[in-house]
Amino acid sequence: MTGAEPAADRAGDGRAADEAGLPGTVAANRAADEAGLPGTVAAAWGVRERPHKGPKPALSLARIVAAAVQVADAEGLDAVSMGRVAAELGAAPMSLYRHVAGKDELRTLMVDAAWGSPPDGPPSGGALSSGAMSDRAGPGEGWRAGLARWAWALRARGRRHPWVVRIPLNSLPILPNEVGWFELALACMRDTGLTEARKASVIMLLAGYVRNLATTEADIGAAIEASGLTPVEWMSSYPRILAGLADPQRFPALTQFIAAGVFEAQDGPDDEFIFGLARILDGLEALIGARPGE
């Protein structure tokens, strides 16, 4: 080559030299850049690493996210900070920035970790059935049993990490575990005759139901804790207060409702979820039966 060598060629030679020193990291980073992936997405899928020289760092992205989840589980979401997570790991706060860009990126990765991997997918070729609920797909599991199992599993993850619904959605499903849940729900509906667009609508409906009820239950739980009352005391106080405020002439339906003692009966912890999920699946069953190919 001469001194008139094009800048692009020199840059290419420089990249090759860099890649010779850090082949995995640089190649992954270049692939992520060329695909236009956001940093958080690239990090979650393992296609971007922060370049470093010297000994392999003691920390990893997986360890940092796991520690953040542990802090949120034990102390609440507000307790999660780069400094607090670093303390949990026995590391310096600045060392975390070699793996994660900041608190916002960390919280996004925490969400995917909290939902975790989805349960097993449905067996291939099963006939439609409303079979019994379980954590694992049974022989011949149909769309209804599969989607019910999907929703129950999602609910269980949300209960294990109740803070997860406090973090707003910031994208469509794109992180590894999110995509796994997406895939499973689609697989459950493969024999329904629904269009792909309607399958997406069903997933949004079910996921929104699980998330909304989890948020409501968390809000009620926080209100009960703040009141200093037991759950039974808190619930039974509501109709008494309401009865003293609502004029029976103005609110006859409400008066009848209060008299029925609805809030004095102790429901099971999953009663509302069971009712709502069944109604959603009933509606979907009617749609599939009445309008195949919708």
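## The overall picture

The protein has 13 helices and 0 strands. Read from the N terminus, its elements run α-α-α-α-α-α-α-α-α-α-α-α-α. Keep in mind that this is a predicted model.

Of the 294 residues in the protein, 35% are buried. Now take the contacts in the protein with a separation of 6 or more: 65% of them are between residues 24 or more positions apart.

## How confident is the prediction?

The average pLDDT of the protein is 83, and 77% of the residues score at least 70. Over residues 1-28, pLDDT stays under 50, and the model has 14 contacts beyond four places in sequence for them. Residues 125-133 also have a pLDDT below 50, and this stretch has 22 contacts in the model beyond near neighbours in sequence.

Let us begin with helix α4, residues 61-75.

Find the buried residues of α4 next: L61, I64, V65, A67, A68, V69, V71 and A72. The buried residues of this helix pack against α3 (39-44), α5 (82-89), α6 (93-96) and α7 (103-115).

The axes of α4 and α5 come within 9 Å and cross at roughly 105°, so α4 is roughly perpendicular to α5. On the α4 side, R63, I64, A67, A68, Q70, V71 and E75 take part in the meeting, while α5 brings R84, V85, E88 and L89.

## Helix α9 and what covers it

Helix α9 can be checked in the same way. At 1.5 Å a residue, its 13 residues should span 18 Å; the end C-alpha atoms of α9 are 19 Å apart, which agrees. Its buried residues are N177, E178, G180, W181, L184, A185, A187 and C188. Among the elements that cover the buried residues of α9 are α7, α8 (143-160) and α10.

How do α9 (residues 176-188) and α10 (residues 196-227) cross? Their axes come within 10 Å, at an angle of roughly 120°. The two helices are therefore oblique to each other, and the crossing of α9 and α10 is right-handed. At the meeting place, α9 supplies F182, A185 and L186, and α10 supplies E196, K199 and I203.

## A closer look at K199

K199 sits in helix α10. Does K199 count as buried or exposed? Its relative accessibility is 7%, so K199 counts as buried. Setting aside neighbours within four places in sequence, K199 is in contact with L186, M189, R190, T192 and L194.

## Where α8 passes α10

Helix α10 also meets α8. The axes of α8 and α10 come within 10 Å and cross at roughly 35°, and α8 passes α10 in a right-handed crossing.

To see this meeting in the 3D view, pick out L147, W150, A151, L154, R155 and R159 in α8. Their partners in α10 are V202, I203, L206, A207, V210, L213 and E217.

The buried residues of α11 are S236, S237, P239 and L242, and they pack against α12 (252-259).

L254 lies in helix α12. At 28% relative accessibility, L254 counts as partly exposed. Which residues does L254 touch, not counting those up to four places away in sequence? They are L242 and A246. Between L254 and L242 there are 12 residues of separation in sequence and 9.1 Å in space, C-alpha to C-alpha.

Definitions and conventions:
Residues are numbered from 1 along each chain as its sequence is written. This is a predicted model: local features need pLDDT of at least 70, side-chain atom pairs count only at pLDDT 80 or more; totals for chains, interfaces and linings use all residues. Side-chain values use heavy atoms; hydrogens and water are left out. Helices (H or I, at least four residues) and strands (E, at least two) are DSSP runs, numbered from the N terminus. The expected span of a helix is 1.5 Å times one less than its number of residues. Buried means under 20% relative accessible area, exposed over 50%, partly exposed in between (1.4 Å probe, protein chains only). Contact means heavy atoms within 4.5 Å. pLDDT is the predictor's confidence in each residue, from 0 to 100. Axes are lines fitted to C-alpha atoms, for helices over the stretch in contact, and angles run from 0 to 180 degrees between N-to-C directions. Angles under 35 degrees count as roughly parallel, over 145 as roughly antiparallel, 65 to 115 as roughly perpendicular and the rest as oblique. A crossing is left-handed if the near helix is turned anticlockwise from the far one by less than a right angle, and right-handed if clockwise.
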